[in-house]
Amino acid sequence: MRIHYICLIFVLASKAFAVEPSEILNDTKLEDRARNLSSNIRCLVCQNENIDSSESEFAKDLRLYIRDQLVEGRTDEEIEKFLVSKYGSYILFKPEFTGYNIFLYLLGPFIFIFSFIMILLVFLNPKKGE
Amino acid sequence: MISELGHFLLISAFCLNLGLIANNISTRSVLAGYTRFFNRLESLLFILLSISFLLLIVSFINSDFSVKLVANNSHALKPILYKVAGAWGNHEGSMLLWVLILSVYLFLFQASSSGYPKALLRNVILIQLSTTALFLFYLLILSNPFERLEIPPLNGQDLNPILQDVLLVAHPPILYLGYLGLSIPFSIAVGFLLTNDHKINIVSLIRFWSLVPFVFLTLGILLGSIWAYYELGWGGWWFWDPVENVSLLPWLINLALIHSILILERRSSLLNWTILLSIMGFSFSMIGTFVVRSGLITSVHAFANDPSRGLFILLIIFLAIASSLVIYITKRSNHKNFMNLNFASKELWIIVQNLTLLVIATIVFLGTIWPFIIEAMFDEQVSVGEPFYEVSLTPFVIIFAFMLPIASKIRWKGKNFSNIKTIIGLICISIAFSASAFIWKEFKLLTFIGLFLSSWVCLGSILEFTSYFKSQLNFIDSLKRSPILNSRLIGRTCAHFGFGLLIFGVTAVTSWEVEDIRNVEVGESYYLKSYQIVFKGIDYSVEKNFKKVSGSFEVLNNNKLVGTLLPEKRLYPSRNEVTTEASIKPTFPDDLYMVLGNKIDENAWVVRTYIKPFISFIWLGVILMALGGFISLLSFSSYNKFKA
């Protein structure tokens with residue numbers, strides 16, 4: 001709830017506006033990468049927005065930071081790693097494929113493959129007489 | 001007085017509800033038949049709740065700020081439509097609507113299903129009454145919509161401005177008609193188990209009552225999505241917000257149910273599975289409500305702020321789900337009816353389709369609750385958002401869509417792929433269609449797959465439709481001969497074709513969207529694809545309950561005027577909130593979408609313009625899906641006529 005209020009204050013105090021023209025890089029390839037990265041990064045002071053669409057100052061700072069780093073030649077992974085080390089894994093919308101998150105990624109495919117095999121076993125060769 | 005009367009009616013409805021339950025349980029041994037007298041009393045429940053809800057609306061229209069709910073959610077200057085909608089744009093009011101719709105469905109169910117065994121009907125009604133009683137109890141104890149304030153304020157606090165919208169007036173009631181429509185298959189399933197007679201044929205009962213919520217849920221989700229598209233100003237139409245996810249879950253389960261019931265109908269198999277899906281559908285509806293209302297998540301939908309309420313709702317839901325599952329486990333049918341299936345049989349493909357839907361639902365559900373699980377277990381915070389769902393769901397959606405035309409083309413109890421030539425032919429045509437798009441566009445694998453699937457699903461459904469009539473001697477003759485089969489066939493074709501269009505729209509928008517952000521001065525013009533956009537001017541004005549700035553932009557295509565875009569920013573002084581109103585010009589096939597940003601100086605503004613190709617196909621596809629469900633429903637009325 002606290003985060004919610006902080007966000008409200010930000011929205012009212014600063015009328016910043018999503019991605020602004022002054023932020024956009026001239027190099028379209030880098031800009032595309034910046035947009036792509038931004039869509040995975042959560043605005044920590046907002047409800048459920050990525051920094052690309054958020055209007056907060058926090059998001060603006062991160063957008064500028066990402067672009068600075070891209071211009072300096074950092075890779076996407078390096079930038080994400082740095083952000084995670086600074087703000088925690090909460091900042092990424094797509095959890096890293098490590099630790100307990102592996103369960104999150106693999107449960108669906110596991111259920112699918114397991115049940116698929118079970119279905120074939122049960123229905124393709126039912127025991128005679130049943 | 002009005003609100004006291006409303007409260008009194010609520011209490012009476014609750015007493016009546018308890019009485020009906022007691023009557024339902026006690027009379028089963030004494031009275032053989034279910035008398036008409038008690039039938040009337042159950043419609044009285046619906047009448048009491050409707051009047052109570054109408055009285056709440058009247059309080060909103062009168063702007064009676066001595067009622068706490070009105071004071072918190074309305075404003076004297078608000079347009080009348082939004083005053084009315086204020087009645088359900090908040091927690092207490094929407095819970096009253098929830099209970100009301102439960103009783104509406106009870107009423108409709110009773111009125112329409114007289115031909116079934118009395119024992120079954122009585123049990124179904126008992127379950128529906130008990131669910132209604134649980135939520136009515138909650139409403140009276142913890143969220144009374146008619147609560148008074150000792151000192152009424154001069155004016156209300158107003159409804160959240162982004163909710164003041166025509167679509168959002170209709171969105172909650174329609175979505176609720178969907179959510180709560182699922183209560184009937186749930187009650188049928190549990191009532192059926194309680195009856196302990198597995199010989200009763202409940203196929204058409206469940207089929208009918210699962211198609212009704214399908215239509216409403218689909219439309220309700222669609223309205224929410226269109227609203228998000230033009231109101232939130234980000235140009236997206238699905239955000240994987242937890243609240244969106246929980247509305248998707250019952251929809252997915254219901255979709256699985258609608259298809260599994262076909263196997264029950266044809267092969268009298270998968271009875272337990274169908275029952276379980278019926279129970280799960282409404283369970284997910286209730287879980288959805290809990291997530292929305294508990295305050296666990298913050299979003300525009302989260303209006304409950306009192307944690308004790310969340311706990312109580314959790315308790316109700318736990319009670320309902322747990323008891324129905326216990327009944328399922330103890331009373332389910334032990335009769336084993338294994339089908340002997342072949343790879344070429346429709347049954348097998350529908351079962352795998354069911355599995356795919358359930359896996360998709362599992363991923364969505366797990367993703368939605370994952371942050372809570374991690375926080376509870378490891379005291380860490382993680383986020384799960386759009387990029388996660390894109391990565392994990394795409395493969396299963398592809399599998400799902402690929403299976404669809406094959407599953408609908410092959411035969412029940414099929415032994416071999418007799419249609420293999422048609423299927424291969426369709427695949428070739430679809431690949432050609434998909435590849436041809438890259439003459440103009442840059443190649444991307446996912447775009448290719450998406451286009452292929454959309455053409456494959458659309459063509460497949462059309463072909464199935466035409467091949468059915470080819471086998472008949474005469475189109476009109478066959479229509480007359482089997483009205484049931486035809487309305488089902490038309491409904492199915494329509495829904496499947498709509499799904500194909502949906503895939504096409506999603507693929508086109510995500511692959512070929514154009515975005516432009518720039519500073520524009522009044523009088524300046526710029527080009528986007530083939531469109532020329534001219535900034536004509538800016539206008540300030542004061543409306544009834546807000547102030548606004550609106551820009552005026554002319555759009556030209558090949559020097560011909562296509563239309564004018566009027567994006568707005570609004571300030572609602574009653575809440576001190578600023579909202580952006582995107583301006584959208586649908587020029588088939590593209591949507592032009594414009595948002596007004598910040599003022600740079602007297603003459604210059606930041607402007608965001610999007611070109612969204614084929615986004616209308618998304619809406620159209622979903623509408624066709626709902627329409628398909630509706631047409632299938634017609635088969636029931638023609639069935640009755642047919643019998644007569």
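## Salt bridges, interface and local features

E581(B) is buried, with a relative accessible area of 13%. This is a predicted model, and all values below are computed from it.

**A strand-to-strand pair in chain B**

The side chain of E581(B) meets that of R570(B) in a salt bridge, at 3.8 Å from N to O. R570(B) belongs to strand β6 (residues 568-572) of chain B and E581(B) to strand β7 (residues 577-581), so the pair ties together parts that are 11 residues apart in sequence. R570(B) counts as buried too, because its relative accessibility is 16% and the cut-off for buried is under 20%.

**The interface of chains A and B**

How much area is buried between chain B and chain A? The figure is about 4300 Å². Carbon and sulfur atoms give 72% of that area. The size of an interface is often given as the accessible area lost when the parts come together. The contact takes 50 residues from chain B. Chain A contributes 44 residues.

How many salt bridges are counted between chain B and chain A? The count is one. R35(A) pairs with E515(B), and their closest N and O atoms are 2.7 Å apart. On chain B, five elements each supply at least two residues of the side that touches chain A: α13 (346-378), α14 (386-409), β1 (514-521), β9 (590-599) and β10 (604-613). Helix α13(B) gives the largest share of that side, 13 residues.

Is R35(A) buried or exposed? R35(A) counts as buried, because its relative accessibility is 16%. E31(A) is buried as well, with a relative accessible area of 6%.

**Salt bridges side by side**

A search of the whole structure finds 23 salt bridges over all chains.

| R35(A) | E515(B) | 2.7 Å |

**K599(B) and E602(B)**

K599(B) is partly exposed, with a relative accessible area of 40%. E602(B) is exposed, at 60%. Where does E602(B) lie? E602(B) is in the loop between β9 and β10 of chain B. E602(B) and I538(B) are 64 residues apart in sequence, yet their C-alpha atoms are 9.9 Å apart in space.

**Backbone details in chain B**

A cis peptide bond joins F588(B) and P589(B), with omega about 0 degrees. P589(B) lies in the loop between β8 (583-587) and β9 of chain B.

Two residues other than glycine have a positive phi. L270(B) has phi near 65 degrees. Its place is the loop between α10 (242-267) and α11 (271-293) of chain B. N559(B) also has phi near 65 degrees. N559(B) lies in the loop between β4 (547-557) and β5 (560-565) of chain B. Burial separates the two: L270(B) is buried at 18% relative accessible area, whereas N559(B) counts as exposed at 69%.

**A nonpolar patch on chain A**

Which residues form a nonpolar patch on the surface? The members are F110(A), I113(A), F114(A), I117(A), M118(A) and L121(A). Together they have about 630 Å² of accessible area. L121(A) is found in helix α5 (residues 101-124) of chain A. L121(A) counts as exposed because its relative accessibility is 55%, and exposed means over 50%.

How values were computed
Residues are numbered from 1 along each chain as its sequence is written. Chains are lettered from A and ligands numbered from 1 in the order in which they are written. This is a predicted model: local features need pLDDT of at least 70, side-chain atom pairs count only at pLDDT 80 or more; totals for chains, interfaces and linings use all residues. Side-chain values use heavy atoms; hydrogens and water are left out. Patches are made of residues with over 30% relative accessible area and no salt bridge: like charges are joined within 9 Å, nonpolar side chains (Val, Leu, Ile, Met, Phe, Trp, Tyr) within 5 Å. Accessible areas come from the Shrake-Rupley method with a 1.4 Å probe; for residues, only the protein chains shown count as cover. A salt bridge is a side-chain nitrogen of Lys or Arg within 4 Å of a carboxyl oxygen of Asp or Glu. Helices (H or I, at least four residues) and strands (E, at least two) are DSSP runs, numbered from the N terminus. Buried means under 20% relative accessible area, exposed over 50%, partly exposed in between (1.4 Å probe, protein chains only). Contact means heavy atoms within 4.5 Å. Buried area is the accessible area (1.4 Å probe) that two parts lose on being put together, summed over both.
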